[in-house]
Amino acid sequence: MAASLSIPLSTRFSPAKRHRLNALELRSPLRVCCSASRDGAELEGKLPQLKKQLKNVACGILAVWAVTTASPVIAANQRLPPLSTDPKRCELAFVGNTIGQANGVYDKAIDLRFCDFTNEKANLKGKSLAAALMSEAKFDGADMTEVVMSKAYAAGASFKGTDFTNAVLDRVNFEKANLQGALFVNTVLSGSTFDNAQLEGAVFEDTIIGYIDLQKICRNTTINEEGRAVLGCR
């Protein structure tokens, strides 16, 4: 007896909204197709009822498996935590995390959403902002050299003219962020996403980025010809 399973699932990454992480959504219903067969026509002629029962059992088992497997995908719809009520939460950027670097671990949550660090030249350099929440914040003209922002969430933030020289920006979500004129010199960009980000005039020099990530960032049409040539976009 053989049983086959057909589950046409498709997923879509929804655009990130304020206070919301990208979520996986199921767009197609589950379809379970079951069949039971055996070589030869003897069984079909003599034991039609047994065949029907076996088919129903196989189908039931596969249906349960399909539903339980798909459930975690539906549950993956996660939201950002509420905005911190700490009146000094923006100042935490000047301290950073004392543990955790590229692994994104932190000793305290850093909520910098909606904070304004425009032209901050002294207090952000070399800080560890691993897993920081930075959406809708402003870092225009800031000196963020050697900063560690592993796994930070910076969707919709503004980094116009920000200096990221020697910074570690791996696995950062820069969706819809404004990075016009930002400096990525000897910067680690592995695993970071730039969907619908503004990268006009951004400088890329000796950046460290994987091949797949390079292909993704090269799809951003706001990168000028010079930037595309330096990155090696084709």
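Select C90 and C115 to begin: these two cysteines form a disulfide (a pair of cysteine sulfur atoms within 2.5 Å), with their sulfur atoms 1.9 Å apart. The link is left-handed, with -80° about the S-S bond. C90 is partly exposed at a relative accessible area of 25%, whereas C115 is buried at 2%. Here buried means under 20% relative accessible area, exposed over 50%, and partly exposed in between, with a 1.4 Å probe and protein chains only.

The structure is a predicted model, in which local features need pLDDT of at least 70 and side-chain atom pairs count only at pLDDT 80 or more, while totals for chains, interfaces and linings use all residues. Residues are numbered from 1 along each chain as its sequence is written, and side-chain values use heavy atoms, leaving out hydrogens and water.

Next, select E120, located in the loop between α2 (48-74) and β3 (183-185). E120 is buried without a salt bridge (a side-chain nitrogen of Lys or Arg within 4 Å of a carboxyl oxygen of Asp or Glu). The nearest side chain of opposite charge, K127, is 8.3 Å away.

Finally, select C218 and C233, which form a disulfide with sulfur atoms 1.9 Å apart. C218 lies in helix α3 (residues 211-218) and C233 in the segment after α4 (225-231), so this pair ties together parts that are 15 residues apart in sequence. C218 is buried, with a relative accessible area of 12%, and C233 also counts as buried, at 17%.

Note on methods
Helices (H or I, at least four residues) and strands (E, at least two) are DSSP runs, numbered from the N terminus. Lys and Arg count as positive and Asp and Glu as negative; His and the chain ends are not counted.
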